[in-house]
Amino acid sequence: MKIIAVGMNYVAHCHELHADENLPEEPVIFMKPDSALLKDSKPFFIPDFSQQVDYETELVVRINRLGKNIAPRFASRYYDAVTVGIDFTARDLQRQFREEGKPWELCKGFDSSAAIGDFVPVDRFKDIQNLNFHLDIDGKTVQRGNTADMLFKVDEIIAYVSRFFTLKIGDLLYTGTPVGVGPVSIGQHLQGYLEGEKLLDFYVR
């Protein structure tokens, strides 16, 4: 199982963190190891190597078929379920790595950096590109998005990624975060919602 993630996939988020950069012309792809997965409502422990770990709430898609060089028009056949996830990012390290032109793995792929909620069948929804999702911290909504605002749609991302990586059953695709990212702190209660249904629920330790 591999975790594939997309950066800079919402315009407002691009302006939020990278106001001086042009919008990407192709999906910005990075990976997380399977040891990054945080599931079953287990707590997230803030790592000691970062002074600022940010939440990035995202729609996550689960791959259900083996695929390579998938055409966009067939991409919807390759996933069967979706949920809400959080791409935890060591922001201070990311700033440093970006300035130095280094890869992102250490600031994006550390242990438990990919929180994942309970999956729901994708056929429950009329249009995967019109889904509302949000994150509450201690009962207050801190980030909200709609998949209609993606720069690169889910099927486009799957087609693009499958040019480089063979997709396998159980792979996860984190599809990017909207505007509103921010830091987490010890003791906070995080809850993620998709179309009003709570799918993600855990504490920060």
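Q: Which strand gives the most to the lining of the largest pocket?
A: Strand β15 (residues 197–203) does, with four residues. Elements are DSSP runs numbered from the N terminus: strands are E runs of at least two residues, helices H or I runs of at least four. This is a predicted model: local features need pLDDT of at least 70 and side-chain atom pairs count only at pLDDT 80 or more, while totals for chains, interfaces and linings use all residues. Residues are numbered from 1 along each chain as its sequence is written, and side-chain values use heavy atoms, with hydrogens and water left out.

Q: What makes a set of grid points a pocket, and what makes it a cavity?
A: The grid is 1 Å, over the protein atoms alone. A pocket is an open set with protein on both sides within 12 Å along at least five of seven lines. In a cavity, a 1.4 Å probe fits but cannot get out. Lining residues have an atom within 4 Å of a point.

Q: What is the volume of the largest pocket, and which residues lie nearest its centre?
A: The volume is about 230 Å³. A volume is the space filled by probe spheres set on the points, which are joined across faces, edges and corners. The lining has 14 residues, with Lys39, Asp40, Ile116, Gly117 and Asp118 nearest the centre. By class, six are nonpolar, two polar and six charged. Here Ala, Val, Leu, Ile, Met, Phe, Trp, Tyr, Cys and Pro count as nonpolar; Asp, Glu, Lys and Arg as charged; the others, Gly among them, as polar.

Q: How many cavities of 30 Å³ or more does the structure hold?
A: Two. The largest cavity has a volume of about 90 Å³. Its lining counts 16 residues, and Gly7, Met8, His13, Glu56 and Lys108 lie nearest the centre. β1, α1 (11–17) and α2 (91–100) each give two or more residues to that lining. The lining of the largest cavity has five nonpolar, six polar and five charged residues.

Q: What lines the second largest cavity?
A: Ile4, Ile63, Ile157, Ile158, Val161, Leu167 and Leu173. These divide into seven nonpolar, no polar and no charged. The volume of the second largest cavity is about 30 Å³. Helix α4 gives the most to its lining, with three residues.

Q: Why is helix α4 called largely enclosed?
A: Six of the eight residues of α4 (residues 154–161) are buried, so the rest of the structure largely encloses the helix. Buried means under 20% relative accessible area, exposed over 50%, partly exposed in between, with a 1.4 Å probe and protein chains only. The buried set is Val154, Ile157, Ile158, Ala159, Tyr160 and Val161. These pack against β1 (3–7), β2, β5 (57–63), β6 (79–87) and β12 (172–174).

Q: Why does Phe30 count as buried?
A: Its relative accessibility is 8%, so Phe30 counts as buried. Phe30 lies in strand β2 (residues 28–32). Beyond its neighbours within four places in sequence, Phe30 is in contact (heavy atoms within 4.5 Å) with Ile3, Ile4, Ala5, Val6, Gly7, Asp87, Trp104 and Lys108. Ile3 is 27 residues away along the chain, and its C-alpha atom is 8.7 Å from that of Phe30.

Q: Why is strand β14 called largely enclosed?
A: Six of the six residues of β14 (residues 189–194) are buried, so the rest of the structure largely encloses the strand. One side holds His189, Gln191 and Tyr193; the other holds Leu190, Gly192 and Leu194; both faces are covered.

Q: Which strands pair with β14?
A: Strands pair if DSSP finds at least two bridges between them. Five bridges join β10 (residues 132–137) to β14, antiparallel. His134 has Tyr193 as its bridge partner in β14. Six bridges link β14 and β15, also antiparallel. His189 stands opposite Tyr203 in β15. β14 and β15 form a hairpin with two residues between them, and Glu195 in the turn has a positive phi of about 50°.

Q: In what order do the strands of the three-strand open sheet stand?
A: The order is β7-β4-β13, with antiparallel pairing. β7 (89–90) and β13 (182–183) are at the edges with a single partner strand each, so one side of each has no neighbour in the sheet. Two bridges join β4 (residues 53–55) to β7. Val53 stands opposite Ala90 in β7.
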